Amino acid sequence: MLTDLVNPRSTTIEMPPPDRDDEPRRVARACAGDVTAFEELYRDHVGRIFALSLRLTGDRARAAELTQDVFVQAWERLSAFRGESAFSSWLHRNALNALLMRARADKRRSARVQLAEDARSPSAGDNDVPGVDGSVPPIDIEQAIDLERAIASLPPGARQVFVLHDVAGYRHDEIARMTGLAAGTLRAQLHRARRLLVEALKK
Amino acid sequence: MSEAQDHVAFETLSNFADGILDAAERERVQRHVQSCTDCEERLARLRTLLGAASSLPAELEPPSHLWGDIRHRIVALSDDQTRSLPERVTVRPGRGARALWSARNPWLLGAAAVVLVAVSSAVTAALLRRPVVVAAQPAESIARTLPVSALPASARAIEADYARTLGELRETLELRRAGLDPATVVKVEASLRVIDQAIAEALRALADDPANLTLVDILSANYERKLELLRRAAELPSST
């Protein structure tokens, strides 16, 4: 997984900011079937959606696949966009829903695989449950050098909450609504992620 | 926390950094941190982490081929109405779940499945805010009549998960059909039809509303029910 995350901090997109004034016209043209207009919308927004996908999954190939799905869905659902909010808000809301839905499907699939294989160790699952003794699982020192890599190495549940709260800046109530997590679980996952990262970055 | 001896719990430091402690607790933590180098250092590390996390670039460059892949899919959407689903078999779900079911009579399971399916259909209808049209054909054929692109990735992944195991159980049941009580086989088929209808409803609903998490759960749950019913049926003793 980590090998797919190739130094993402060094690959920041350097592009001029999107022309928001022109966005409604692009959306209208895309709604009418203009693929070139949709490509312009894609160029404006793909960086943020890919960044969120990559940080939520910790896997570059999966992040690309998810980003692709998000934009194909956006194309299919453009007619449902009524312009009541900014296109970027609409797109990001749809993207986040799709990403979290995929995360839940992955979690269920992971649980089924574990059952199917009669997993030999509890750590073979998605490792969402903290250790009974409260101990912090060790993180490889090389992974800890880079924060992105350390985030990618978090257990999925802790990574999701950390990325949404501490990286993307969503509030607790927003995350609870999006993920369906109870407030206590959400905070526990956030504390856990921070503790793991502090430990990892200390080394 | 006894400030002179015990360190502040990490969770408390985390809440302190977020500024969500009440005034009294905040003051206690502040006092302790000022007199405890360990906790002061832990808090500093935590704040460094939070600062770094919020400063990560908001945008990252995707693979260069991504737009080409997307373009290919959206252009194909207009004329992709009849393609069949790809064969994507990755896992064999539920092999270890057998022990979870203790019902000795498989038809209790079948009846329970039908009741649950009826409930999930009602939920699907409520989610769609319109009546659910009961499918007249099995879920597999519904899926094949929907264009690939109409099914969200989650639905395709769930289908792929179950496809192989369901196919094997179906084959086993067909091979054993002649040796089973005909009345029992009729009941099995009736229960399977009800579950297939619910799966088909969920697939159609997901094609309309691909981001709906509840529909994903309903689809997955109905596949689980179908799997378990087929498994129980395949284990039935012969009537001869």
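How are α7(A) and α3(B) oriented to each other? The model is predicted, with local features needing pLDDT of at least 70 and side-chain atom pairs counting only at pLDDT 80 or more, while totals for chains, interfaces and linings use all residues. Residues are numbered from 1 along each chain as its sequence is written, chains are lettered from A in the order in which they are written, and side-chain values use heavy atoms, without hydrogens and water.

Helix α7 (residues 156-167) of chain A and helix α3 (residues 37-54) of chain B have axes that come within 8 Å and cross at roughly 80°. The two helices, α7(A) and α3(B), are therefore roughly perpendicular to each other (angles of 65 to 115 degrees). On the α7(A) side the contact (heavy atoms within 4.5 Å) is made by F162(A), D166(A) and V167(A), and on the α3(B) side by L49(B), L50(B), A53(B) and S54(B). By class this contact has five nonpolar, one polar and one charged residues.

Within chain B, helix α1 (residues 10-18) packs with helix α2 (residues 23-35) at an angle of about 110°, the axes being 11 Å apart. α1(B) and α2(B) are therefore also described as roughly perpendicular to each other. T12(B), L13(B) and F16(B) of α1(B) meet E25(B), R26(B), V29(B), Q30(B) and V33(B) of α2(B). The residues of this contact divide into four nonpolar, two polar and two charged.

The count of cavities of 30 Å³ or more comes to one (a cavity is a set of points on a 1 Å grid where a 1.4 Å probe fits but cannot get out, and lining residues have an atom within 4 Å of a point). The largest cavity holds about 70 Å³ of space. Ten residues line the largest cavity, and L66(A), D69(A), A98(A), R102(A) and A153(B) lie nearest its centre. Two or more lining residues each come from α3 (60-77) and α4 (87-116) of chain A and from α7 (153-176) of chain B. The lining divides into six nonpolar, two polar and two charged residues.

Over all chains there are eight aromatic pairs (ring centres within 6.5 Å, with planes over 60 degrees apart counting as edge-to-face). F38(A) and W75(A) form an edge-to-face pair, 5.2 Å centre to centre with 70° between the planes. F38(A) lies in helix α2 (residues 35-57) of chain A and W75(A) in helix α3 of chain A, so the pair ties together parts 37 residues apart in sequence.

Definitions and conventions: Axes fitted to C-alpha atoms, helices over the stretch in contact; angles between N-to-C directions. Helix = DSSP H or I, 4+ residues; strand = E, 2+ residues; numbered from the N terminus. Parallel < 35°, antiparallel > 145°, perpendicular 65-115°, else oblique. Nonpolar A, V, L, I, M, F, W, Y, C, P; charged D, E, K, R; others polar. 1 Å grid on protein atoms, 1.4 Å probe; cavity = no way out; pocket = protein on both sides within 12 Å on 5 of 7 lines; lining within 4 Å. Points joined across faces, edges and corners; volume = space filled by probe spheres on them. Phe/Tyr/Trp six-rings, centres within 6.5 Å; stacked < 30°, edge-to-face > 60°.
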